[in-house]
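Where do charged and nonpolar side chains gather?

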Amino acid sequence: MNPLDPIEPENEQPANLAAKVGFLGTVVVTIGYIIEAISEGIALSELAQEEKNVEKKEQINQQQLSDIQSKLDYLIKEIETTKKRDDHFKRW
């Protein structure tokens, strides 16, 4: 048995081992990419949710401002109406 004979399976073992280690390395790197892609997806999802929350708060604030403006307009009209009545009674 010649150790340099390429037909013998003992000479193929280091090549097989290198191929297996290379394959495992590729699998580990691929899993890393998958985990990175999942984390990016989660980050994007959280950003989208945060934007929705900000938009919702802005809508609520806008509605509150609109309500306040309506109430102020009503009060101003009431004050003007009251002043007109008072002015009318002062003339008598």
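**Surface patches and fold**

A patch of negative charge on the surface is formed by Glu 46, Glu 50, Glu 51, Glu 55 and Glu 58. This is a predicted model, in which local features need pLDDT of at least 70, side-chain atom pairs count only at pLDDT 80 or more, and totals for chains, interfaces and linings use all residues. Residues are numbered from 1 along each chain as its sequence is written, and side-chain values use heavy atoms, with hydrogens and water left out.

**Negative patch**
- Glu 55 is placed in helix H1.
- Glu 55 is partly exposed, because its relative accessibility is 47% (buried is under 20% relative accessible area, exposed over 50%, partly exposed in between, with a 1.4 Å probe and protein chains only).
- Patch residues have over 30% relative accessible area and no salt bridge, with like charges joined within 9 Å and nonpolar side chains (Val, Leu, Ile, Met, Phe, Trp, Tyr) within 5 Å.
- A salt bridge is a side-chain nitrogen of Lys or Arg within 4 Å of a carboxyl oxygen of Asp or Glu.

**Nonpolar patch**
- Leu 65, Ile 68, Leu 72, Tyr 74, Leu 75 and Ile 76 make a nonpolar surface patch of about 610 Å².
- Tyr 74 belongs to helix H1, residues 9-91, and counts as exposed because its relative accessible area is 52%.

**Whole chain**
- Of the 92 residues in the chain, 1% are buried.

How values were computed:
Areas by Shrake-Rupley, 256 points an atom, 1.4 Å probe, with all protein chains shown as cover. Helix = DSSP H or I, 4+ residues; strand = E, 2+ residues; numbered from the N terminus. Lys, Arg positive; Asp, Glu negative; His and termini not counted. Charge placed at Lys NZ, Arg CZ, Asp CG, Glu CD.
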